[in-house]
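Hi there,

Here is the structure I promised to pass on to you. Have a look at it first, and then read my notes below.

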Amino acid sequence: MAFDFGIRRSCVVAAILALGAAPAAAQQQDLLLGYLAATTGPFSALAKRNAVAVEIAVEDINAAGGINGKKLAVTSFDTGGKPEQAVTGVTRFAQDMPALAIIGPFSTSECRVTFPTGERLGIAQMSMASSAPKVAAPFTYAFRNATDEAYTYERLFKTLKAKGYAHGSAAVAYATDDAVSQSLGTKVLPDAIKAAGIPLEETVSFRVAAFDLAPQVSQLNQKPTDLIAVGTPPEPMLKLSAELRRQGNKGRMLGGSTVADAELPARMGANGEGTVITSTFFSGMPDERTQKFVKAFETKLKEKGETVFEPNQFDAATYDIVMMYATAMKNAKVTGDPAKLAAERAAIRDEVRKLKDFPALVGPLSINSEGDAIKTIYVLEAKNGRWELVDTHKN
């Protein structure tokens with residue numbers, strides 16, 4: 001089994017589907033989901049292995065008998081993290097193929113343009129990562145298997161206080177040219193810091209592709225703080241951590257879902273030691289289901305000849321999206337009949353909205369009135385090149 005992303009052919013499970021019209025035999029045999037991948041672009045470090053989670057989920061579902069007597073299949077489209085490409089993908093899945101629902105897109109920037117498109121075309125989308133406030137709220141076909149950053153940061157600051165981390169002052173550093181990062185820097189982080197009763201001493205901004213962050217760190221050093229709350233993708237976090245330590249700044253970096261990458265502590269090394277983030281998945285949980293997924297994930301990477309890494313929260317969220325759609329299709333008694341496509345897409349949407357305490361990989365999960373998942377929040381700290389569990393907040 002292999003995924004070939006982009007406007008090329010995708011091979012998933014038993015179906016070989018062109019990213020155009022699906023073969024008639026596949027339409028009759030399989031229940032099809034579209035997958036908006038982000039294997040390139042600003043969040044590729046977080047998203048590039050989500051496809052492995054899709055494969056595992058599809059295999060698990062089909063090994064258990066499929067859905068309503070039919071196999072599940074997935075066909076993919078690489079958006080490159082670009083909103084305009086994501087819109088093209090949604091349109092292809094909705095108009096040119098018999099896709100019943102869509103996995104993704106990944107980022108808030110993409111969701112802000114694809115959610116209106118999906119609403120107009122009548123096809124559900126569920127993002128595994130978008131976390132800026134209220135992005136799905138205006139739409140009936142839009143969902144996010146991600147938790148609002150305001151919700152996660154509220155819990156992060158509770159943990160910092162409860163666990164005795166120094167929190168006498170804070171600063172904010174954020175990227176201006178990414179939608180969720182900008183939302184974090186201009187709204188979410190300042191509000192969360194204020195709500196926590198911590199003085200906000202300074203705010204600096206930069207572009208994702210900025211090469212030199214020395215001026216921003218120099219500005220932060222004029223008023224050193226205990227905490228530096230960061231709103232960026234992983235790559236700028238690496239640059240920021242290196243420059244902070246080069247200039248002698250010892251502030252503890254804080255992050256949310258935008259940097260919840262399993263590889264990040266090792267990549268930051270000593271520069272990132274002590275960084276604290278929130279995540280909706282922790283691969284070190286000892287329960288049997290988590291460890292089964294981790295083992296399957298690592299085995300898949302090894303089979304593909306790729307470097308073996310533990311799954312991150314977006315990999316787990318992607319797996320759960322496929323499982324939620326499968327449950328919705330079962331409950332809606334979906335047939336995959338092309339003549340019933342619009343009605344069955346609407347039925348899937350309605351069943352997803354009903355999900356309460358769904359037994360997800362990440363624990364009990366419910367979809368709230370704004371289309372977002374409410375689930376357990378893990379607080380993790382970078383120690384010796386790995387994330388270690390600090391605290392858990394049940395939903």
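The protein chain is divided into domain 1 (31–147 + 286–375) and domain 2 (150–279), with bounds that come from an automatic or database domain assignment. Before you go further, please note that this is a predicted model, where local features need pLDDT of at least 70, side-chain atom pairs count only at pLDDT 80 or more, and totals for chains, interfaces and linings use all residues. Residues are numbered from 1 along each chain as its sequence is written, and side-chain values use heavy atoms, leaving out hydrogens and water.

Taken over C-alpha atoms, the centres of domain 1 and domain 2 are 29 Å apart. Contact (heavy atoms within 4.5 Å) links 22 residues of domain 1 with 19 residues of domain 2. The area buried between domain 1 and domain 2 is about 1600 Å², and carbon and sulfur atoms give 61% of that; buried area is the accessible area (1.4 Å probe) that two parts lose on being put together, summed over both. In domain 1, F43, L46 and Q313 lose the most area to domain 2, together 29% of what that side buries.

How many salt bridges are there between domain 1 and domain 2? The count is 1, where a salt bridge means a side-chain nitrogen of Lys or Arg within 4 Å of a carboxyl oxygen of Asp or Glu.

**A helix to look at: α4**

Helices (H or I, at least four residues) and strands (E, at least two) are DSSP runs, numbered from the N terminus. The expected span of a helix is 1.5 Å times one less than its number of residues. For the 14 residues of α4 (residues 83–96), that should be 20 Å, and the end C-alpha atoms are 19 Å apart, which agrees.

Which residues of α4 are buried? They are A86, G89, V90, F93 and A94, with buried meaning under 20% relative accessible area, exposed over 50%, and partly exposed in between (1.4 Å probe, protein chains only). These residues cover an arc of only 120° around the axis, so they are on the same side of α4; the arc is that of the directions from the helix axis to the C-beta atoms. On the other side of α4, E84 and Q95 are exposed.

**Some backbone details**

Most residues other than glycine have a negative phi, and most peptide bonds are trans. The peptide bond from G104 to P105 is cis, with omega near 5°. K333 is not a glycine, yet has a positive phi of about 55°, and counts as exposed because its relative accessibility is 64%.

Enjoy exploring!
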